Amino acid sequence: TAQEAELAGTGDPAFDFRNLTLPLRLSPVLRVLNWGVICVEPRWHTRRYLYPVGYRVGRRYADWRNPWVKVEYTCEICRFTAEPGPVFVVTHPAEPADPVSATQPTAAWVEVITRVH
């Protein structure tokens with residue numbers, strides 16, 4: 001799309017992403033649905049990463065109910081009162097009441113991969 005070409009061709013590290021229309025397809029398997037909100041509290045960032053509250057993407061991956069089929073999981077960074085930091089939630093499109101969650105970003109996906117295999 002024109003938007004993808006515009007994004008790919010900027011080369012400007014100060015590019016303003018606020019003007020991009022969501023959802024934004026970043027690749028054949030990844031769409032940004034919400035940029036989220038930056039939180040400056042401890043645990044919501046590291047020296048290398050920011051974990052914006054409400055950041056949400058759709059990611060196509062093997063269905064844990066049928067690995068031969070690809071589905072779009074919703075991945076979100078959430079804030080819950082019971083946790084002092086971010087909670088990473090991955091939701092299967094057909095099972096929204098049974099999301100996978102973890103306090104480390106890769107841990108939720110490790111569970112999804114385990115369910116697929």
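1. E72 is partly exposed, with a relative accessible area of 23%. Here, buried means under 20% relative accessible area, exposed means over 50%, and partly exposed lies in between (1.4 Å probe, protein chains only). The side chain of E72 meets that of R31 in a salt bridge, 2.8 Å from N to O. A salt bridge needs a side-chain nitrogen of Lys or Arg within 4 Å of a carboxyl oxygen of Asp or Glu. E72 sits in strand β4 and R31 in strand β2, so the pair ties together parts that are 41 residues apart in sequence. R31 is partly exposed too, at 21% relative accessibility.

2. A word on the source. This is a predicted model, where local features need pLDDT of at least 70, side-chain atom pairs count only at pLDDT 80 or more, and totals for chains, interfaces and linings use all residues. Residues are numbered from 1 along each chain as its sequence is written, and side-chain values use heavy atoms, leaving out hydrogens and water.

3. Now the layout. The protein chain has two helices and six strands. From the N terminus on, their order is α-β-β-β-β-β-β-α. Helices (H or I, at least four residues) and strands (E, at least two) are DSSP runs, numbered from the N terminus. Of the 117 residues, 29% count as buried. The chain exposes about 7,800 Å², and carbon and sulfur atoms supply 56% of that area. Accessible areas come from the Shrake-Rupley method with a 1.4 Å probe; for residues, only the protein chains shown count as cover.

4. How many salt bridges are there? The count comes to six. E41 and R79 form one of them, with their closest N and O atoms 2.6 Å apart. This pair links distant parts of the chain: E41 is in the loop between β2 and β3, R79 in the loop between β4 and β5, and they are 38 residues apart. Both are partly exposed: E41 has a relative accessible area of 35%, and R79 has 40%. Elsewhere, D63, R65 and E95 are linked in a network of salt bridges.

5. Look next at the strand pairing. Two strands pair if DSSP finds at least two bridges between them. β3 and β4 pair in the antiparallel sense over seven bridges, and R59 stands opposite Y73 in β4. β4 and β5 are antiparallel as well, over five bridges. In that pairing, T74 partners T91, and C75 partners V90. β5 then joins β6 through three bridges, again antiparallel. There V90 stands opposite V100.

6. Is β5 mostly covered or mostly open? It is mostly covered, with five of its five residues buried. V87, V89 and T91 point one way, while F88 and V90 point the other way. T91 has a relative accessible area of 19%. Leaving aside residues up to four places away in sequence, T91 touches Y73, T74, P96 and P99. Contact means heavy atoms within 4.5 Å.

7. A102 lies in strand β6. A102 is buried, at 13% relative accessible area. A102 and V89 are 13 residues apart in sequence, with their C-alpha atoms 6.7 Å apart in space. Not counting residues up to four places away in sequence, A102 touches P86, V87, F88, A107 and A108.

8. Helix α2 covers residues 105–116, and its buried residues are A108, W109, V112 and V116. Seen down the axis of α2, these fall within an arc of 90°, so they line one face of the helix. The arc is taken from the directions from the helix axis to the C-beta atoms. The buried residues pack against β3, β4, β5 and β6. The face turned away from the buried side carries the exposed residues T106 and T114.

9. Being four residues apart in α2, they are separated by about one helical turn. An α-helix has 3.6 residues a turn, so residues three or four places apart point the same way. E111 is partly exposed at 31%, as is R115 at 30%.

10. Which residues form a nonpolar patch on the surface? They are I38, V40 and L50, with about 330 Å² of accessible area together. Patches are made of residues with over 30% relative accessible area and no salt bridge: like charges are joined within 9 Å, nonpolar side chains (Val, Leu, Ile, Met, Phe, Trp, Tyr) within 5 Å. I38 is in the loop between β2 and β3. I38 counts as exposed, at 51% relative accessibility.
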